[in-house]
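Take a look at the sequence and the 3D structure below. Keep both in view while you read.

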Amino acid sequence: MMNASTKDDMTVSDQQQISSEISSRQEQYEMDRAGGAQVHNRTTLNYPPYRSSLLRYPTKDLHHADPESIELLSPAFGHNDVAEIESDLTLQHTGEPVGERIVVSGRVLDGDGRPVRNQLVEVWQANAAGRYIHKRDQHPAPIDPNFTGTGRTITDDNGDYRFVTIKPGAYPWKNHTNAWRPAHIHFSLFGNAFTQRIITQMYFPGDPLFPLDPIYNSIIDHDARDRLVANYDHDLTSPEWALGYRWDIVLTGPQQTWFEAEGDDE
Amino acid sequence: MSLLPTPGQTVGPFFGYALPYEGSENLVPPHHPHAVRLTGAVYDGTGVPVPDALIEVWQADENGNIPTARGSLTRDRHVFTGFGRSATTRDGSYSFTTVEPGSINDTAPFFALVLFARGILDKLHSRIYLPQDRDALEHDPFLSVLPPQRRATLVANRQSDGSLHHDIHLQGDDETVFIDFS
């Protein structure tokens with residue numbers, strides 16, 4: 001395990017070094033699985049190939065707790081919190097943003113397959129050139145004056161959400177030399193309980209950067225990792241207008257179940 | 001039916017223009033008669049402040065009622081929604097203006113907390129307990145199984161001006177207790 005002092009001494013790694021760290025963890029997991037170990041459905045917090053995590057992951061085991069009643073419920077958001085237009089990231093300026101217009105839509109469900117209704121979904125992303133509006137993004141790619149890259153919506157009664165946006169570009173970062181993030185959209189979601197709160201990233205199918213990226217590969221199980229990749233969906237594609245991607249989201253975690261007794265569930 | 005969870009990913013460095021919103025750290029207006037400040041900082045494994053973390057709290061009202069009102073984003077000043085969000089500043093500090101949560105079913109009152117940051121690959125849950133009811137803290141079924149030093153990482157400190165202070169340490173001797181609910 002790397003500690004703080006070895007990290008300070010460490011020169012910046014290259015892709016080969018990072019890729020070899022990624023594969024050795026992958027191989028170890030597959031060996032453990034073959035030996036009967038459990039599937040890792042969650043992201044690994046202690047994942048040294050992502051260098052920024054070295055001094056920020058909890059070194060002690062997470063402490064199991066039974067949720068208290070407040071944690072079994074969620075902050076409530078409603079349609080009054082979010083304007084309809086906030087789900088269309090291409091309409092926030094006077095002109096049209098540059099890039100490939102896309103629709104991203106899907107359903108938010110809990111672990112029992114019930115829709116997560118009337119809850120907040122927030123997204124943010126880079127523009128088509130791989131540049132964030134954020135003032136600390138120094139990537140020398142153009143800012144698009146017609147694209148901010150933030151959106152919000154409230155799920156409907158089926159748990160469905162829908163955004164219109166521009167396909168984000170891949171962008172370089174400083175984890176190691178020649179490090180590039182696969183194109184992604186950041187998603188923040190509230191479930192039916194605070195235990196289900198999640199922030200994650202949605203990726204696009206077939207990205208050649210997948211095997212090289214330590215953040216994506218911090219989900220060590222292949223099937224679990226795949227759950228962050230949207231599917232191209234031709235039924236969502238609008239003729240002469242936009243390509244469609246479908247991405248369903250499952251928020252597990254204990255929740256209070258009284259809402260069923262109120263006849264609020266199908 | 002049992003579905004597999006969508007895994008989390010780091011919030012990354014560039015959420016500052018997307019997630020904090022006007023009034024997100026004020027659960028009540030600062031002139032509320034019972035307003036209290038809840039402040040602290042987030043530190044990494046070498047004690048360096050973490051300037052790119054996001055902290056959310058979710059809490060009962062002063063009487064121990066769990067809010068069901070919508071409107072956390074619009075922040076109507078007459079409605080208490082129990083939700084707050086604060087991004088850390090350059091010195092790693094966060095700040096909320098809120099009321100102290102009342103006890104729910106006679107348990108020790110706390111703020112439920114979730115933490116995100118660049119460098120943290122998935123959300124981290126924790127709690128911030130109120131310091132004053134020592135008896136309730138002593139007998140709390142969750143706190144009482146923790147060694148005293150670990151327990152202390154979950155309890156806020158009362159400052160001389162009446163505000164609450166609570167630091168979060170991601171690693172080290174004072175590493176905050178993070179919670180797994182699954």
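This report starts with confidence, then visits a strand, an interface, a loop and a sheet.

## Confidence in the model

This is a predicted model. Chain B has an average pLDDT of 95. In that chain, 99% of the residues score at least 70. For the complex, the predictor gives an ipTM of 0.97 and a pTM of 0.95.

## A strand enclosed on both faces

Begin with strand E5 of chain B, residues 110-117. How many of its eight residues are buried? Eight of the eight are, so the strand is largely enclosed by the rest of the structure. The cut-off for buried is 20 or more other C-beta atoms within 10 Å.

Side chains in a regular strand alternate between the two faces of the sheet. On one side of E5(B) sit B:Phe110, B:Ala112, B:Val114 and B:Phe116. On the other sit B:Phe111, B:Leu113, B:Leu115 and B:Ala117. Both faces are covered.

## Neighbours of E5(B)

E5(B) pairs with strand E2 of chain B, residues 53-58. The two run antiparallel and are joined by six bridges. One bridge pairs B:Ala53 with B:Ala117.

E5(B) also pairs with strand E6 of chain B, residues 124-129. Again there are six bridges, and the strands run antiparallel. Here B:Phe111 has B:Ile128 as its bridge partner. E5(B) and E6(B) form a hairpin with six residues between the strands. In this hairpin, B:Gly119 takes a positive phi near 90°.

## The nonpolar core

The largest nonpolar core has 98 residues. Which residues have the most contacts inside it? They are B:Leu115 and B:Ala117. E5(B) gives the most to this core, with eight residues.

## Where the chains meet

Between the chains, 61 residues of chain B are in contact with 66 residues of chain A. Two elements of chain B give two or more residues to its side of this contact: E5 and strand E10 (179-180). E5(B) gives the most, with four residues. The chain B side divides into 33 nonpolar, 21 polar and seven charged residues.

E10(B) pairs with strand E1 of chain A, residues 63-64. This pairing is parallel, over two bridges. In it, A:His63 stands opposite B:Ile179.

## A partly exposed loop residue

Now turn to B:Leu146. It lies in the loop between helix H1 (134-139) and helix H2 (148-152) of chain B. B:Leu146 has 15 other C-beta atoms within 10 Å and is partly exposed. Not counting residues up to four places away in sequence, B:Leu146 touches B:Arg151 and B:Val177.

How far apart in space are B:Leu146 and B:Pro33? They are 35 Å apart, C-alpha to C-alpha, and 113 residues apart in sequence.

## An open sheet in chain A

Chain A has an open sheet of four strands, in the order E4-E3-E8-E9. The pairing is antiparallel. Strands E4 (150-154) and E9 (198-203) stand at the edges. Each has a single partner strand, so one side of each is left without a neighbour in the sheet. From one strand to the next, the twist averages 20°.

Strand E3 of chain A, residues 120-125, is joined to E4(A) by five bridges. In this pair, A:Glu122 stands opposite A:Arg152.

Technical notes
Residues are numbered from 1 along each chain as its sequence is written. Chains are lettered from A and ligands numbered from 1 in the order in which they are written. This is a predicted model: local features need pLDDT of at least 70, side-chain atom pairs count only at pLDDT 80 or more; totals for chains, interfaces and linings use all residues. A residue is buried if 20 or more other C-beta atoms lie within 10 Å of its own, exposed if 12 or fewer, and partly exposed in between; C-beta atoms are placed from the backbone. Two strands pair if DSSP finds at least two bridges between them. Two residues are in contact if their C-beta atoms, placed from the backbone, lie within 7 Å. Ala, Val, Leu, Ile, Met, Phe, Trp, Tyr, Cys and Pro count as nonpolar, Asp, Glu, Lys and Arg as charged, and the others, Gly among them, as polar. A nonpolar core is a set of buried Ala, Val, Leu, Ile, Met, Phe, Trp, Tyr and Cys residues joined through C-beta atoms within 7 Å. pLDDT is the predictor's confidence in each residue, from 0 to 100. Axes are lines fitted to C-alpha atoms, for helices over the stretch in contact, and angles run from 0 to 180 degrees between N-to-C directions.
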